Amino acid sequence: MPRGQRGRVTIADVAASAGVSKMTVSLTMNDRPGISAQTRHRVREAAAALGWEPDSTARRLAGAGAGAVGLVIRRPAHHVSADTFYMQLIAAMGSHLTSNGLALTLNVAESVAIEEEIYASFARRRSVDAVLVTDVAADDPRASLLEELGLPSVALGGPGTQFPTLAADVSGAAEQIVDHLADRGHRCIGRVAATPDFYYSRARSEAFAACAATLDLTVHVLEGARTMADSEVMTEALLERGVTALVYDSDPLMLGGLAAARRSGRAIPADLAVVSWDGSGLTPYLAPSPTLIRRDVAALGIGAAEALMDAARTPLYPGFLAEGRDLSVPTLHLGDTT
């Protein structure tokens, strides 16, 4: 339909014309991976024919609401600054929202009470149109709080939470890690995990155990690691249990584990294999270079921004999956530690 007959063209119009989803349009126009050349060509042709620019949808949204989305990270400030995952996520979200005429309102809260007050302030001042929720817990009380406040929300990780969620391929990542270690001859594997209060950590533990069981491997999992010092202590305990391979939930935890392994006299990878589940921007500078799961956090950030814009217009449903696939595409990259 000619543009003049409907007024402002939206991303939905482009998606319908190209026969794809809105997420595919967004990823194409932002040159993100995972889209075939044929699909990219079709999307760009449709956008050109309709005269659509990427900021049209968000500018329309901004005119009707606050013109901003919120992100509250409940962690100590020094943890956030050292976590390259959050830095990459925030940069991608902020850039995409800015290019679409919206702002990202970022807050760091060091307690539950402070986080709840920030959400209440968002609602009271009507300063954001939707919020992104991270570090989702089982039976997370924020779900009912945000519903009471009337704040649309989207969560990272899932499905299986009370929030609309972006897909997380936890099982696929676990399978890649466990299969690789089993191929290297390891039969007793340990994992140093974050707190089981976080949904993602619990899901990883379940997937890790399930994959190991199919190969008749012995696994030992210690949960609750928040710092490198925690990881050192847990690594020492797992080494005493005879593990020959260790998997860490993040690069900082892996660094703590490497320190403990060296103190024990273990050579890597001759005596002990090491894998980081969440490889970050730190990894190119580490020696030996670690084997790790690498994710396209920028694509995840763009997907989160798009989902938040959708949630601000029309409430999403719990279990929502962005095209049913993990936009971060977790992939095992082999290094010198296995």
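This is a predicted model: local features need pLDDT of at least 70, side-chain atom pairs count only at pLDDT 80 or more; totals for chains, interfaces and linings use all residues.
How many bridges pair strand E1 with E2, and in which sense? Strand E1 (residues 68-74) pairs with E2 in the parallel sense, over seven bridges. Pairing here takes at least two bridges found by DSSP, and strands (E, at least two residues) and helices (H or I, at least four) are DSSP runs numbered from the N terminus.

Residues are numbered from 1 along each chain as its sequence is written, and side-chain values use heavy atoms, with hydrogens and water left out.

Now zoom out to the sheet. It's open, with five strands in the order E2-E1-E3-E4-E5 and parallel pairing. Strand E2 (103-109) and strand E5 (165-166) are the edges, each pairing on one side only. Helix H8 (residues 112-125) lies across E1, E2 and strand E3 (131-133), running at about 170° to E1. Such angles run from 0 to 180 degrees between N-to-C directions, with axes fitted to C-alpha atoms, for helices over the stretch in contact; contact means heavy atoms within 4.5 Å.

Next, find helix H12 (residues 228-240) and helix H13 (residues 251-263), whose axes come within 7 Å and cross at roughly 50°. That makes H12 oblique to H13 (under 35 degrees is roughly parallel, over 145 roughly antiparallel, 65 to 115 roughly perpendicular, and the rest oblique). Residues making the contact include Met228 and Leu239 of H12 and Pro252 and Arg263 of H13.
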